[in-house]
Amino acid sequence: MPRQLRVAAAQSGPVARNEPRASVVARMIELMREARGLKADLVVFTELALTTFFPRWYIADPDEIDSFFESAMPDKATRPLFDEARRLGIGFYLGYGERVIENGVARRFNSSILVDDRGRIAGKYRKVHLPGHSEHEPWRPFQHLEKRYFETGNLGFPVFDVFGGRMGMCICNDRRWPETFRVMGLQGVELVMLGYNTPVHYPPAPQHDHLQCFHNHLVMQAAAYQNGTWVVGVAKAGREEGCDMIGQSCIIAPTGEIVAQCTTLEDELIVADCDLDRCREIQQNIFNFGLHRQPQAYQLITDTKGNFSITLGGCSKIPLNPPLVKGGRNNVP
């Protein structure tokens, strides 16, 4: 029998800076009820789903910064979401700002959790590829201060056996990096969930603005195909506090084909039946890692962080950054 998982992608429209969490959670619950009405087993929400995308502002007041983070999950604000999920018998993915105290020090991450159909947290992920900058850059029409407000995720790219399959998570900019999906692919991932807040305008390279939607789908479709996995990408979309953000929330098959896609920039739900056994079409054939990968040829990927400069008109290569690791061998099949 096929391992069918009916998945809903719950796109969010804009969240105002002063919109209370209770209002956002109520919107999410409505989408969750709609998903369950369509017999979905799992609903995927977006990145930083509970608040506006606050890294677009330079904020000096630490208390104001902390107001965008959750210090427990669930907490008072999100408890109704967990309770409703348990009542409906549906699981969910949720992105949020996580603040934890470790050894007396406050740490902040851009995180996501996977909750099973009994309302229990089955997995956690912390965003690894933080985009943007760390200092105030007043020339920008809006900031992108993720490197200021978050630490780099320290949990790696784990996968979780739940919902009858092998599930993975990542967040927004992670989707642009092939290593994100390859690490999960090497663990046999069958469905990857991710939320994103992606502006239409990219101040450092505005000539790419018209390509934002194209690039959004390009990286997710390539990742799905190259790793033989379902991918569910969910946006916070529309004009949020004067910043236009792309939508295009979608569900992508292991063949790289988009099987469902949102058509608005508002709260919207799409659903698709994800046959997890279809992952084998790719994982056992075109991208059979054990048969075709040659990790001994890829050592530069893990030995070097930065780029190499190539001398024009010649073939000499001068590393801009020295190798992080000398020697060694990657023997992962």
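**Working notes**

Trainee: How exposed is E137?
Mentor: E137 is partly exposed, with a relative accessible area of 22%. Buried means under 20% relative accessible area, exposed over 50%, and partly exposed in between, with a 1.4 Å probe and protein chains only.

Trainee: What am I looking at, in terms of conventions?
Mentor: This is a predicted model, in which local features need pLDDT of at least 70 and side-chain atom pairs count only at pLDDT 80 or more, while totals for chains, interfaces and linings use all residues. Residues are numbered from 1 along each chain as its sequence is written, and side-chain values use heavy atoms, with hydrogens and water left out.

Trainee: Back to E137: which side chain does it meet in a salt bridge?
Mentor: R140, at 2.8 Å from N to O. A salt bridge here is a side-chain nitrogen of Lys or Arg within 4 Å of a carboxyl oxygen of Asp or Glu. R140 counts as buried, at 13% relative accessibility.

Trainee: How many salt bridges does the structure hold?
Mentor: 29. One of them is between E98 and R126, where the closest N and O atoms are 2.9 Å apart. That pair links distant parts of the chain: E98 is in strand β3 (residues 91-102) and R126 in strand β5 (residues 121-126), 28 residues apart. Strands, like helices, are DSSP runs numbered from the N terminus: E of at least two residues for strands, H or I of at least four for helices.

Trainee: Are E98 and R126 buried or exposed?
Mentor: E98 is buried at 3% relative accessibility, and R126 is buried too, at 7%. For contrast, take E281 and R278, whose closest N and O atoms are 3.1 Å apart in their salt bridge. E281 is partly exposed at 38%, and R278 is partly exposed at 25%.

Trainee: Which residues do shared partners join into one network?
Mentor: R3, E190, D277 and R280.

Trainee: Change of topic. What is the strand order in the sheet with β3 and β5?
Mentor: It is an open sheet of 6 strands, in the order β5-β4-β3-β2-β1-β14, with mixed pairing. Two strands pair if DSSP finds at least two bridges between them. β5 and β14 are at the edges with a single partner strand each, so one side of each has no neighbour in the sheet. The twist averages 35° from one strand to the next; the angles are between N-to-C directions, from 0 to 180 degrees, with axes fitted to C-alpha atoms, for helices over the stretch in contact.

Trainee: How do β1 and β14 pair?
Mentor: Strand β1 (residues 4-11) and β14 are antiparallel over 8 bridges, with R6 opposite D273. β14 (residues 268-275) is mostly covered, since 6 of its 8 residues are buried.

Trainee: And how do β2 and β3 run?
Mentor: They run parallel, joined by 3 bridges. V43 stands opposite F92 in β3.

Trainee: Which helix lies across β1, β2, β3 and β14?
Mentor: Helix α1 (residues 21-37), running at about 40° to β14. Helix α3 (residues 79-88) also packs on the sheet, touching β3, β4 (105-115) and β5, at about 145° to β3.

Trainee: Where is L42?
Mentor: In strand β2 (residues 42-44). L42 is buried, with a relative accessible area of 0%. Beyond its neighbours within four places in sequence, its contacts (heavy atoms within 4.5 Å) include L5, V7, I90, F92, F163 and M193.

Trainee: What is the order of the sheet that has β6 and β13?
Mentor: β6-β7-β8-β9-β12-β13, again an open sheet of 6 strands with mixed pairing. Neighbouring strands there are turned by 20° against each other on average, direction ignored. β9 (residues 230-235) and β12 (residues 250-252) run antiparallel with 3 bridges, and V231 stands opposite I252 in β12. Helix α6 (residues 212-227) packs on this sheet, touching β8 (191-196), β9, β12 and β13, at about 30° to β12.

Trainee: Last one: how many helices and strands are in the protein?
Mentor: 9 helices and 16 strands. Of the 333 residues, 50% count as buried.
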